[in-house]
Amino acid sequence: MIVLKFGLFSMNSFVCSSPEVAVKIAQLAESAGFESLWAGEHVVLPDPQVPPSPAAPDDRMLDPVVALTYLAAHTHQVRLGTGILILPQHNPLVLAKALASLDTLSDGRLIVGIGAGYLEPEFRALGVPFADRGARTDDYLAAMRAIWTQPQPAYHSRFVSFEHVQAHPQPSRALPVVVGGQSVSAYRRAIKFGTGWYGWSLDLAATAHALDQIEEVRKRHPRPEELGKLEISITPPPRGITLEDAKRYADLGVDRLILLPSRRFNEVNLKAFVSQIGETVLNHL
């Protein structure tokens, strides 16, 4: 028996941008045995669409924190993941408050997925410098952890400075932080600061290559012992997945597969997809 968790992506976009559909799919996924529900983020999208933008300008995408808070009220046990928040585009204290609120309202079910981003037009529209996004990501994550955990929160750095403030409720646990991105900087960030790493649209060969790269980076940047094992989450290319596929990912060292349904699915198609994965894969793990 393999130990492999399954998540479901696009819970705030495409057909799941409809609140009625999102609730039905979330509840179906929970009953089918999915461990987590995931919502991505793009505050704005380039118009016209330009590479490497993943979506068309008029694609519907709800704010992930708002969407997951809504789904928290309609589910019971399934975990709720941001996959990913583009951290340097946010005020870290405002985002920390929103995430702490979501974790409180969901009774501790939040997984915080963050990344540095890659769409320059999006940064430009938001007035955030693109060139220093990596440094901001590291800085903002440290600032959020300070406001979440310190009895007298204080943090002073290049991009963030605060003291003599409080923000309650603080999370009742150390919030799990999953770092997305397929670069040396992202691997370093995940190893040094994250609970886990998240790789996007990776087949088996690409997953194996990424995990090899992570091991190479780990040799230069040892992982703090208190963080424990680096949990590996992967979204395979958007297609169905078999039990044999799942076993092969698990054999590589993957801990969670976050499945991406086709953007063309309507409600009926998506229900069938979730049910089929539950019956043919999740019930046999």
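Aromatic pairs come first: in this predicted model, 7 aromatic pairs are counted, a pair being two rings of Phe, Tyr or Trp (its six-membered ring) with centres within 6.5 Å. A pair of aromatic rings is described by the distance of the centres and the angle of the planes. Planes under 30 degrees apart count as stacked, over 60 as edge-to-face and the rest as tilted. The rings of W38 and Y198 have centres 5.6 Å apart and planes at 65 degrees, so this pair is edge-to-face. W38 belongs to strand β2 (residues 36–39) and Y198 to strand β9 (residues 196–200), so that the pair links parts of the chain 160 residues apart. Helices (H or I, at least four residues) and strands (E, at least two) are DSSP runs, numbered from the N terminus. W38 and Y198 are both buried, a word used for under 20% relative accessible area, with exposed meaning over 50% and partly exposed in between (1.4 Å probe, protein chains only). Together with F9 and W200, these two residues form one aromatic cluster.

Residues are numbered from 1 along each chain as its sequence is written. Local features need pLDDT of at least 70 and side-chain atom pairs pLDDT 80 or more, whereas totals for chains, interfaces and linings use all residues, and side-chain values use heavy atoms, without hydrogens and water.

Which residues of helix α8 are buried? In α8 (residues 243–252), they are D245, A246, Y249 and A250. These residues cover an arc of only 135 degrees around the axis, which puts them on the same side of α8; the arc is that of the directions from the helix axis to the C-beta atoms. They pack against β1 (5–8), α7 (204–220), β10 (231–235) and β11 (256–259). After α8 comes G253, with a positive phi near 110 degrees.

Strand β1 pairs with β11 in the parallel sense over 4 bridges, where pairing requires that DSSP finds at least two bridges between two strands. K5 has R256 in β11 as its bridge partner. β1 is also joined to β2 by 2 bridges, and these strands run parallel, with L8 opposite L37 in β2.

A154 is found in the loop between α5 (133–149) and β6 (155–156) and is partly exposed at 29% relative accessibility. Leaving aside neighbours within four places in sequence, A154 is in contact (heavy atoms within 4.5 Å) with A146, F162 and E163. R188, in helix α6 (residues 184–193), is buried at 17% relative accessibility.
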